[in-house]
Amino acid sequence: MSRAIIAALLVCVVIMDGCASKDVHPAPASYQSPEGKPKVLAIWMPWFGDRRHMDVGYSSQDTEVMRRQITEARNRGISGFVVDWYGDRRPFHDRSFALLQQVASEMHFQVALMYDETEDENGEATEEALAAFDKAYKSYIGSQARYHDAYLTYNGRPVVFIFPKRGRTDWNHVRETLNGWSAAPLLLYKDEAPPQFARDFDGYYAWVHPGHGGWAPDGSDWGEQYLDNFYKNMTTKHADKITVGAAWPGFDDSHASWGLNRHMDARCGKTFEQTLGFYRRYYSDSNPPPFLLIETWNDYEEGTAVERASFQNCKRPS
């Protein structure tokens with residue numbers, strides 16, 4: 001399967017009629033996609049060129065590379081990049097996002113932040129989150145930010161993804177502070193927030209994950225059970241929140257310095273094909289989820305990149 005076919009698959013499965021629907025549940029009208037289909041976003045990693053990460057042949061701070069990536073993403077039906085971001089804890093990543101937002105503004109593309117919660121056990125997770133959001137508002141999101149027009153919004157509110165780590169952040173306090181913005185952000189949490197913070201989040205997003213049995217040694221668990229549980233949970237327990245579906249081409253963290261020998265077989269493109277259309281089991285064309293997140297555009301260290309993906313000369317499973 002060539003990259004051209006993968007691009008066509010993304011457009012056809014997500015934008016046009018795709019898999020047959022079953023167990024379809026209505027979503028709140030306020031949380032439906034206004035275009036009648038999910039807006040497709042993709043995770044964009046900002047750290048290549050930093051010596052702590054592998055060499056992929058380009059720097060994440062090369063604006064010509066960014067222009068090429070945005071053009072290619074748009075040709076595949078992708079409307080925006082969601083960028084892994086740590087605030088001032090990772091200056092290289094922050095600089096990459098600043099450059100990307102500038103290029104996105106020039107090209108009428110969209111970007112959003114995925115804030116990575118700190119893993120430090122120093123008791124300052126809440127303060128670090130508040131400082132990061134203050135920077136995000138002043139530099140990237142608020143009306144005074146130079147390229148704020150490129151920042152992703154939904155129903156007039158900026159969208160911020162949260163990637164939880166240690167869970168030490170007091171999100172009640174953070175949410176109270178963020179409500180003071182001129183337009184309070186929509187906070188989207190991975191999978192499901194802890195009960196004490198559930199009211200602080202406006203929605204949940206799925207992430208690359210196998211089912212209850214965990215990572216299969218042969219990579220055969222491509223996430224079917226996990227996705228089924230996620231969409232079922234959103235339509236039955238959290239119908240009042242924003243659903244962000246997910247799709248991935250596979251997973252392999254053997255190239256990552258933090259790798260744990262986790263593997264999810266790409267199955268010659270079938271994993272991407274099936275995860276792309278999975279949301280249709282629970283959502284119809286008349287009530288699609290607002291967003292579908294491609295995980296990822298360019299994470300080569302965990303084997304989820306679609307940027308250069310090709311499944312030529314391999315045999316697809318039945």
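Me: Which residues line the largest pocket nearest its centre?
Reply: In this predicted model, 30 residues line the largest pocket, and Asp116, Phe163, Lys165, Trp258 and Glu302 are the ones nearest its centre. The space inside comes to about 810 Å³.

Me: What makes a residue of that lining count as charged rather than nonpolar?
Reply: Asp, Glu, Lys and Arg count as charged, whereas Phe and Trp are among those that count as nonpolar. By that sorting, the lining of the largest pocket has 13 charged, 12 nonpolar and five polar residues.

Me: And what does the second largest pocket look like by volume and by lining class?
Reply: Its volume is about 190 Å³. Of its 15 lining residues, Phe251, Asp252, Ala266, Gly303 and Thr304 are the closest to its centre. Sorted by class, the lining of the second largest pocket gives eight nonpolar, five polar and two charged residues. Strand 9 (251–252) and strand 10 (263–264) each contribute at least two residues to it.

Me: What makes a set of residues a nonpolar core?
Reply: Its members must be buried, and they must be joined through side-chain atoms within 4.5 Å. The largest such core here has 90 residues; Phe81, Phe133, Phe161, Trp171, Phe201, Tyr205 and Tyr231 touch the most other members.

Me: Which residues does phenylalanine 133 contact, its neighbours within four places in sequence aside?
Reply: Phenylalanine 133 is in contact with Tyr115, Val160, Ile162, Trp171, Val174, Leu178, Trp181 and Leu187.

Me: How do you know that the length of helix 3 agrees with its number of residues?
Reply: Helix 3 covers residues 91–107, so at 1.5 Å a residue its 17 residues should span 24 Å. The C-alpha atoms at its ends are 24 Å apart, and therefore the two values agree.

Me: Why are some residues of helix 3 called buried?
Reply: The word applies to a residue with under 20% relative accessible area. In helix 3 that holds for His93, Asp94, Ser96, Phe97, Leu99, Leu100, Gln101, Val103, Ala104, Ser105 and Met107. These buried residues pack against strand 1 (39–44), helix 2 (63–75), strand 2 (80–85), strand 3 (110–116) and helix 4 (125–141).

Me: How much of the whole chain counts as buried?
Reply: By that cut-off, 56% of the 318 residues do. The chain has seven helices and 11 strands. Among contacts with a separation of 6 or more, 76% join residues 24 or more positions apart.

Methods:
Residues are numbered from 1 along each chain as its sequence is written. This is a predicted model: local features need pLDDT of at least 70, side-chain atom pairs count only at pLDDT 80 or more; totals for chains, interfaces and linings use all residues. Side-chain values use heavy atoms; hydrogens and water are left out. On a 1 Å grid over the protein atoms alone, a cavity is a set of points where a 1.4 Å probe fits but cannot get out, and a pocket is an open set with protein on both sides within 12 Å along at least five of seven lines; lining residues have an atom within 4 Å of a point. Grid points are joined across faces, edges and corners, and a volume is the space filled by probe spheres set on the points. Helices (H or I, at least four residues) and strands (E, at least two) are DSSP runs, numbered from the N terminus. Buried means under 20% relative accessible area, exposed over 50%, partly exposed in between (1.4 Å probe, protein chains only). Contact means heavy atoms within 4.5 Å. The expected span of a helix is 1.5 Å times one less than its number of residues.
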